[in-house]
Amino acid sequence: MFLNVLYGVYVVVFICSTSGEPLRFKDGKFKIAQFTDLHYGEDEFTPWGPIQDKNSNHVMHSVLTAEKPDFVLFTGDTLTGNNIGSNATEYWKYVLSPCLQHDTPWAHVFGNHDDLSAEHGDRDTLMKYDQTFNLSHSVRGPRDLFGVSNYFLPIYGEGSDRVEAVIYMLDSGGGQIEEQVTPDQITWLYHTYHVNMQEYGPVPSILTFHIPPPEFEDLFNTGQCTGYLNNTVLPLPSEGLYKTILSLPNLHLVTTGHYHENDYCCSTENKLLCQGRHSGYGGYSDIARGSRIIQLEKDKLQTWIRMENRNIVDHIILKYHNFAIQES
Ligand SMILES: [Zn+2]
C-alpha cells in the first residue's frame with residue numbers, strides 16, 4: 001500500500017516535470033526515431049574525431065528528413081564523455097542540433113560513456129543542460145534510485161487529455177557508476193507500470209535502457225528474430241529485469257543500445273526485444289549506420305531500420321492482441 005501511494009506521487013511529479021508541448025499521437029500514429037551510440041567527442045584531439053561527429057550529424061539529418069518522426073529517443077553513449085573535458089555540453093548541443101533544426105522533441109537515457117570525466121561533472125550535469133531546451137522531455141528520475149535517467153513519458157491522444165501510450169526509461173549505469181540495473185529500479189518499473197495501467201487503462205508501452213541483459217542474446221539464439229548479433233551480450237547485474245519485462249502484459253517493445261555490431265529484434269509472446277542500430281560514426285564497428293524506427297499505433301506497432309542512405313530494412317509488425325508478427 002505504501003509503495004502504491006509512493007509511486008502514485010511519482011506519476012504526478014513526472015507528468016508535471018516534462019518540458020515543452022505534451023507528446024501526442026498524430027493521425028493515429030506516434031513515430032519514434034532511436035539514435036544510439038553516437039559517441040560524440042571521441043578522439044577530439046585527432047583529425048579523425050571531428051569528422052566522425054560531422055558524419056553522425058549527417059545520419060541524424062538523413063533519418064529525420066526521411067522519417068519525420070514525432071520524437072527522438074537517444075539511448076545512451078551519446079558522448080564519449082570520459083574522453084572529453086569541460087566542453088561536454090558543447091558536444092551535447094551539437095548532438096541536439098539536428099533535432100533543433102527539424103523541430104523534433106527528444107528524450108535521453110544515459111549509457112556507460114555519457115558521464116563527464118570526474119573533474120568536470122556527472123550525469124546530473126548533462127541532464128540539467130539537456131532540460132534547458134524546450135524540446136527536451138528528459139526527466140531527472142527519483143533521487144533514491146540508482147542512476148539518473150529513470151522515468152516515464154506519457155503519450156497523449158490527438159486533441160485529448162487521454163494517455164494512449166507510455167515510454168519507460170531505465171538507467172543501466174556505467175561511467176562513474178556501476179553498470180547494472182538494481183532491484184529497486186526493477187521494483188520502480190513494476191509499480192509505476194501498474195499504477196499507470198490503473199490510471200490510463202491497458203495502453204501500449206515500450207521500455208528503453210542502454211545495456212541489454214544477456215537473456216536478450218539467449219532469445220536471439222532460440223527465437224524469431226530479424227537482424228544480426230555479432231557482439232556477445234555480456235553479463236549485466238540485473239537480476240529479475242528480464243522476468244519483470246516478460247510479466248508486464250502491455251509492454252510490447254524493449255529497445256537497447258551499447259553493442260554496436262548487434263542489430264536484432266526478436267519476438268517472444270506479444271513482445272519485441274530489440275537492439276537499436278548503431279547511429280554514430282564514433283565508436284567501433286564498420287556497419288552502415290542508421291536508426292531503429294518504432295511506430296506506435298492503436299492496435300499494433302511497427303519497427304524498422306532506416307539506413308543513412310535512406311533504405312529501409314527489417315520491417316516488423318507486431319499486433320498487440322493476437323501475438324502475430326508479420327514482416328513486410
Ligand atoms: Zn555503451
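E215 counts as partly exposed in this predicted model, because 18 C-beta neighbours sit inside 10 Å, and a residue needs 20 or more to be called buried. E215 is part of helix α6, which covers residues 215–222. Along the chain, E215 and L236 are 21 residues apart, and in space their C-alpha atoms are 9.8 Å apart.

H315 gets the label partly exposed as well, since 15 other C-beta atoms fall within 10 Å of this residue. Here the setting is a strand, β14, made of residues 312–319. H315 also pairs up with a residue from elsewhere in the sequence: T226 is 89 residues away along the chain, yet the C-alpha to C-alpha distance is 8.5 Å.

Moving to the inside of the protein, 48% of the 328 residues count as buried. The largest nonpolar core takes in 73 residues, and the members touching the most others are V72, I155, I167, Y168 and M169. Helix α3, residues 88–102, supplies the largest share of this core, with 6 residues. As for V72, its contacts are A33, F35, C99, T104 and W106, once residues up to four places away in sequence are left out. One of these, C99, falls within the α3 stretch of residues 88–102.

Helix α3 also packs against another helix. Its axis and that of α4 (residues 123–130) come within 11 Å and cross at roughly 45°. That angle makes the two helices oblique to each other, as it lies between the 35 degrees below which a pair would be roughly parallel and the 65 degrees where roughly perpendicular begins. On the α3 side, the contact is made by A88, T89 and W92, and on the α4 side by L126, Y129 and D130. As for handedness, α3 passes α4 in a right-handed crossing.

The C-alpha atoms fill a box of roughly 55 × 45 × 40 Å along the principal axes. For a chain of 328 residues, a compact globule would have a radius of gyration near 20 Å, and the 18 Å computed for this protein agrees with that.

Technical notes
Residues are numbered from 1 along each chain as its sequence is written. This is a predicted model: local features need pLDDT of at least 70, side-chain atom pairs count only at pLDDT 80 or more; totals for chains, interfaces and linings use all residues. A nonpolar core is a set of buried Ala, Val, Leu, Ile, Met, Phe, Trp, Tyr and Cys residues joined through C-beta atoms within 7 Å. A residue is buried if 20 or more other C-beta atoms lie within 10 Å of its own, exposed if 12 or fewer, and partly exposed in between; C-beta atoms are placed from the backbone. Helices (H or I, at least four residues) and strands (E, at least two) are DSSP runs, numbered from the N terminus. Two residues are in contact if their C-beta atoms, placed from the backbone, lie within 7 Å. The radius of gyration is taken over C-alpha atoms; the globule rule is 2.2 Å times the number of residues to the power 0.38. Axes are lines fitted to C-alpha atoms, for helices over the stretch in contact, and angles run from 0 to 180 degrees between N-to-C directions. Angles under 35 degrees count as roughly parallel, over 145 as roughly antiparallel, 65 to 115 as roughly perpendicular and the rest as oblique. A crossing is left-handed if the near helix is turned anticlockwise from the far one by less than a right angle, and right-handed if clockwise.
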